[in-house]
Amino acid sequence: MSFIDQVIVKVSAGDGGNGHVSFHHEKYVDKGGPDGGDGGKGGDVVVIASRNQDTLATYRYHKEIVAKNGNAGEKNRRHGKNADDVVINVPVGTAIYNGNELVVDLVKDGQKHTIGRGGKGGFGNAHFVSSKRQTPRFAEKGLPGESFTLRFELKMIADVGLIGLPNAGKSTLLAKISNAKPTIADYPFTTLIPNLGVVDFLSTSFLVADIPGLIEGASKGKGLGYNFLKHIERTSVLLHLIDINNPDIYKSYQTIRQELLNYDLKLEKKPEIIVLTKVEGLDKKFIFETIKTLKERLLKRKKIIAISAVSGLGVEDLLKKASLLIEKQDNVEADIISSIPIITLAPDKKNWSVSKTDDGFKVVGQEIEEFVFKTDFTNEESVGRLRNIFQRKGIFRELIKIGLKPGDKILINQSYFLY
Ligand SMILES: Nc1nc2c(ncn2[C@@H]2O[C@H](COP(=O)(O)OP(=O)(O)O)[C@@H](O)[C@H]2O)c(=O)[nH]1
Ligand SMILES: [Mg+2]
C-alpha cells in the first residue's frame, strides 16, 4: 500500500440560488402581490476524519471537490431547493492548510469540519414587501460559495516507525508482517514514499510505517530522508533496524540516532527497540555476543532483538514486544493530540470601515460586501434597497464625516454607485 502524504485540493462550495421576482396571478384577479421565492443555499464541503481511510490517495486524482449550487426561488413563494453538502472522508491525522494557515487538524475518528461554506440564497421579491413598498420589482442574488485551494497533509499516525540505514531490511520486514507490498531491492533509496502496513497480531492490530532514506546528513536535507523525518514525530514506538553483518553496528546505530536528534530533540524520548536483522543461518553464540557487545556500548538500556524477516526467526517476539510498548504509549499520545488547537475559517462578520481614496470613497467589510454582491445594479429598486441598508447602518453618516458629497462615487469591491 503506497502512501501519499500530501495533496492539493481545490474546494468549491455551492453558490446560493437567486431570489425570484414574480407577482401573483389568478384568473379574474388583475394584479396580485409579489410572490417571488427565496433562493436555496449552496452546498457546503465538509470533511470527516475516518478510521477506515488509510491514505489521501483518492484525492490525488480527484483534486477538485465541488458542491452544487442552490436552486433559484420560484413563483408562489416557492423556496429554491438547498443543495446537498458534499461530505468527504479523510484519514484520522489529516491536517488541512490554507497557505500557511492551519484550517483544521483532524485528530479524532468522526471529527467533522466544514472547509467550504455554501453561499446563502437571495431573498425573492415577496420578502421586500413593506407599507412603503408594495410592489418590489427586485430580488437578491445568491451569495457565491467559498472557494479555496487547500493542502491536505497526512502526518501518519503510525504506531510503529521502522528506521535504519538503507538496506537494513525495513521494507522486507514490513512486507513480512503486514499487508503492505513495498518495493524491495538491493540498492539504497528503493522506497521513495513511505509505506504503511497494517499488522494484525493476536487480538490487536497496529499501523507500521517504513521510514526510508535515513542517512548521515538527512536532518540537514541530504538524500531523501528529510521528507520522511516528520512522519516519525507521531509514531509511538521506533524499531531501529541494523544489519547484523554491518562491520560497525554501534556506529550505524549512532548515525541514525544523531539524525533523529538533529531533527527534533523530542525524538530522544520515543521508545525504541533495536532490531538486528538478517540473522538466519548465523551461529547463536555469534548473535548473543553481538548483542552483548552492543549493550555494553550503549549509554542507555535498550531492548535488543535479533530477527530474520526471511526465515521468520524472532519476528513474533518482536511484534509482541512492540505491541506491549504501543499499549503503554497510547494514553500519552491521546493527551498530546487533544491539546492541538483547532483554528476555524470563521471571518469577522460585523465590521465595516470607510476611507477616502483617489478613486472615490471606499467601504470594506464582509457583511456589507455581501449585500453589495446581492445587489442587481441594473435594477433601480435593488440599488434603492442597498442605499437603505447604508443608511440604516450609519455608513453614509461616516462617509459624510470624511467628506462625501452628493454625486460622489462609493466603491465596494468591484462595484460602485453614486451618492
Ligand atoms: N538474508 C536476508 N536478507 C534480507 C533480510 N531482510 C532483508 N534482506 C535483504 O536486504 C536487502 C535490503 O532489504 P530492504 O528491505 O530493501 O532494506 P531497506 O532499505 O531497509 O528497506 C534486500 O536485498 C533484502 O532481500 C533477511 O532477513 N535475511
Ligand atoms: Mg526500503
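## A walk through the chain

The chain holds 9 helices and 18 strands; helices here are DSSP runs of H or I with at least four residues, strands are runs of E with at least two, and both are numbered from the N terminus. This is a predicted model, in which local features need pLDDT of at least 70 and side-chain atom pairs count only at pLDDT 80 or more, while totals for chains, interfaces and linings use all residues. Residues are numbered from 1 along each chain as its sequence is written, chains are lettered from A and ligands numbered from 1 in the order in which they are written, and side-chain values use heavy atoms, with hydrogens and water left out.

Let us begin with the overall picture. Of the 419 residues in the chain, 48% are buried. Here buried means under 20% relative accessible area, exposed means over 50%, and partly exposed is in between, using a 1.4 Å probe and protein chains only. Contacts (heavy atoms within 4.5 Å) tell us about reach along the sequence: among those between residues at least 6 apart, 71% join residues at least 24 apart.

Now to the strands. Strands of a sheet pair through backbone hydrogen bonds, either parallel or antiparallel. Two strands count as paired if DSSP finds at least two bridges between them. Strand 1 (residues 6–12) and strand 8 (residues 147–154) are antiparallel partners, with 7 bridges. Along this pairing, V9 has L150 as its bridge partner in strand 8, and S12 has S147. Strand 1 also runs parallel to strand 3 (residues 64–66), joined to it by 3 bridges, and K10 stands opposite E64 in strand 3. Strand 8, in turn, runs antiparallel to strand 5 (residues 94–98), with 4 bridges between them; there, Y97 faces R151 of strand 8.

Elsewhere, 3 strands form an open sheet with mixed pairing, in the order 4-2-7. Its edges are strand 4 (86–91) and strand 7 (112–116), each of which pairs on one side only. From one strand to the next, the twist averages 30°; the axes behind such angles are lines fitted to C-alpha atoms, for helices over the stretch in contact, and the angles run from 0 to 180 degrees between N-to-C directions. Within this sheet, strand 2 (residues 45–50) pairs with strand 4 in the parallel sense over 6 bridges, and V46 has V87 in strand 4 as its bridge partner.

What about the interior? In soluble globular proteins, nonpolar side chains tend to be buried together. A nonpolar core is a set of buried Ala, Val, Leu, Ile, Met, Phe, Trp, Tyr and Cys residues joined through side-chain atoms within 4.5 Å. The largest such core has 23 residues, and the members touching the most others are V160, L162, L173, F206, V208, L239 and L318. Among the elements giving it two or more residues are strand 9 (160–163), helix 2 (170–177), strand 12 (237–243) and helix 6 (315–338). Helix 6 supplies the largest share, 6 residues. Leaving out residues up to four places away in sequence, L318 touches L173, L239, I273, V275, I305 and I307. Apart from this core lies another, of 21 residues, among them V7, V47, A67 and F148.

Next, look at S219, in the loop between strand 11 (204–210) and helix 3 (226–232). Is S219 buried or exposed? S219 counts as buried because its relative accessibility is 12%. Its side chain makes a polar contact with the side chain of E259 at 2.7 Å. A polar contact is a pair of N or O atoms within 3.5 Å; within protein, one must be able to donate a hydrogen and the other to accept it, and residues adjacent in sequence count only if both atoms are side-chain atoms. Beyond neighbours within four places in sequence, S219 is in contact with Y226, L229, E259, N262 and Y263.

Finally, the aromatic rings. Rings of Phe, Tyr and Trp (its six-membered ring) pair if their centres lie within 6.5 Å; planes under 30 degrees apart are stacked, over 60 edge-to-face, and the rest tilted. This rule gives 6 aromatic pairs. One of them, F123 with F128, is edge-to-face, at 6.3 Å centre to centre and 75° between the planes. F123 is partly exposed, at 30% relative accessible area, whereas F128 is buried at 5% relative accessibility. F390, F396, F417 and Y419 form one aromatic cluster.
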